[in-house]
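Please open the structure in your viewer and keep the sequence beside it. We will walk through the fold together, one piece at a time.

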Amino acid sequence: MKKGIKVLVSSALVLAMTSGQLCSAYTFTKEFFDIQKHLDAATASGDYAGMIDAATRQYNMVASAPVDSDTTQVMATKTYTIAESYEKLGDYENAAVWFERAIPSNEELGFTDAVKISRAKSRQFRTELNLYKKSYDTQVYYGAKNEHELGVLTGITFDSPTRDVLENESMILIYHSHGGDFNLFYENFLKKAEEEKKAVEIAYNLDGGASDIGMINMSSQAVSAFADILARYPNVPIYLRFGGEVNEWQVKPSAEDYKKAFRTVAEIMRSKAPNVAMVYGLNFVSSWGTEYTDFYPGDEYVDWVG
């Protein structure tokens, strides 16, 4: 999905340069292409603020232009780029605004994946005001694995630029791809969590989709080795979210194959790293049209649903 959206930037520009209809429609100026160079440089260096600046300037240039296939593609691309960049910076209010703006043009072009994601994120990222009445009722404690008897866990991804200003952080999110190297850099976050008495959520991702699922079902060696690493930190409450990022799958596994792999991981973690709680947190916002319950492996293998 992400690759397809990013390729659209180049596609829109090629159309703009080669279309013979531009004489009677919107003419892309030299300034537009000069800004594109700045956008490309910012993208290559991971400068999200620079990406927002460049893409917003391009967006404003075509926002009031006559609607045609070229301007629609530019609108779709720029709005989504701006929204994703705000999300990366942790500015979810502005991300929500731009994801909402991305819907009409992406819908017009038939980019269903981008539309589904934009709709979901524009809803999820908006701040909601809730009023609560102070009560002296005892907090309900269910005795779930790694459950705290009081309060909630709050935190953010290990590499987020907003971590430095996050107060009372009690949880860290780390990413790990199946078969990848969970090196000392990532282990240092486990060590820090142990020292500071924090919990850790690990997003155990299946970048290869069905391929990774097949590997786990054929051999549990990589999972077992990873469990050995996590077992070194028995005092750290770890929440392992297995295979949640459906939107990153290249090939969709069958539901039964996914369930089998989830159960394998759960059994290995329980035998080797009892401090690990299994989290079922499937991202159903994807082009696969996957429903949340399709891949559920069963209550006996799931400690938390996220």
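This is a predicted model: local features need pLDDT of at least 70, side-chain atom pairs count only at pLDDT 80 or more; totals for chains, interfaces and linings use all residues.

Six strands form an open sheet in the order β1-β2-β3-β4-β5-β6, and their pairing is parallel. At the edges you will find β1 (155-157) and β6, each of which pairs on one side only. Now look for helix α9 (residues 221-230), which packs on this sheet and touches β2 (171-177), β3 (199-205), β4 and β5. The direction of α9 makes about 170° with that of β3.

Next, zoom in on β5, which spans residues 276-280. How many of its residues are buried? The count is five of five, so to speak, and the strand is mostly covered. In a regular strand, side chains alternate between the two faces of the sheet. In β5, one side carries Val-276, Met-278 and Tyr-280, while the other carries Ala-277 and Val-279. Both faces are covered, and these residues are all buried.

Which strands flank β5? Strand β4 (residues 238-242) pairs with β5 in the parallel sense, over four bridges. Here Arg-241 stands opposite Val-279 of β5. To get from β4 to β5, the chain passes through helix α10 (residues 255-272), and this β-α-β crossover is right-handed. Strand β6 (residues 304-305) also runs parallel to β5, and two bridges join them. Val-279 turns up again here, with Trp-304 as its bridge partner in β6.

Helix α10 also has a helical partner to look at. The axes of helix α8 (residues 210-218) and α10 come within 9 Å and cross at roughly 50°. That angle makes α8 oblique to α10. The crossing of α8 past α10 is left-handed. From α8, the residues Ile-213, Ile-216 and Asn-217 take part in the contact. They meet Asp-257, Tyr-258, Lys-260, Ala-261, Thr-264 and Val-265 in α10.

On the α5 side, the contact involves Ala-96, Phe-99, Glu-100, Ala-102, Ile-103, Asn-106 and Glu-107. On the α6 side, Ala-114, Val-115, Ser-118, Arg-119, Lys-121 and Ser-122 take part.

Finally, turn to the backbone. Most residues other than glycine have a negative phi. Asn-146 is not a glycine, yet has a positive phi of about 65°. You can find Asn-146 in the loop between α6 and β1. Lys-197, also not a glycine, has a positive phi of about 55°. Its place is in the loop between α7 (184-196) and β3. Is Lys-197 buried or exposed? Lys-197 has a relative accessible area of 77% and is exposed, because that value lies over the 50% cut-off.

How values were computed:
Residues are numbered from 1 along each chain as its sequence is written. Side-chain values use heavy atoms; hydrogens and water are left out. Buried means under 20% relative accessible area, exposed over 50%, partly exposed in between (1.4 Å probe, protein chains only). Two strands pair if DSSP finds at least two bridges between them. A crossover is right-handed if, with the strands pointing away from the viewer, the path from the first strand over the helix to the second runs clockwise. Contact means heavy atoms within 4.5 Å. Axes are lines fitted to C-alpha atoms, for helices over the stretch in contact, and angles run from 0 to 180 degrees between N-to-C directions. Angles under 35 degrees count as roughly parallel, over 145 as roughly antiparallel, 65 to 115 as roughly perpendicular and the rest as oblique. A crossing is left-handed if the near helix is turned anticlockwise from the far one by less than a right angle, and right-handed if clockwise.
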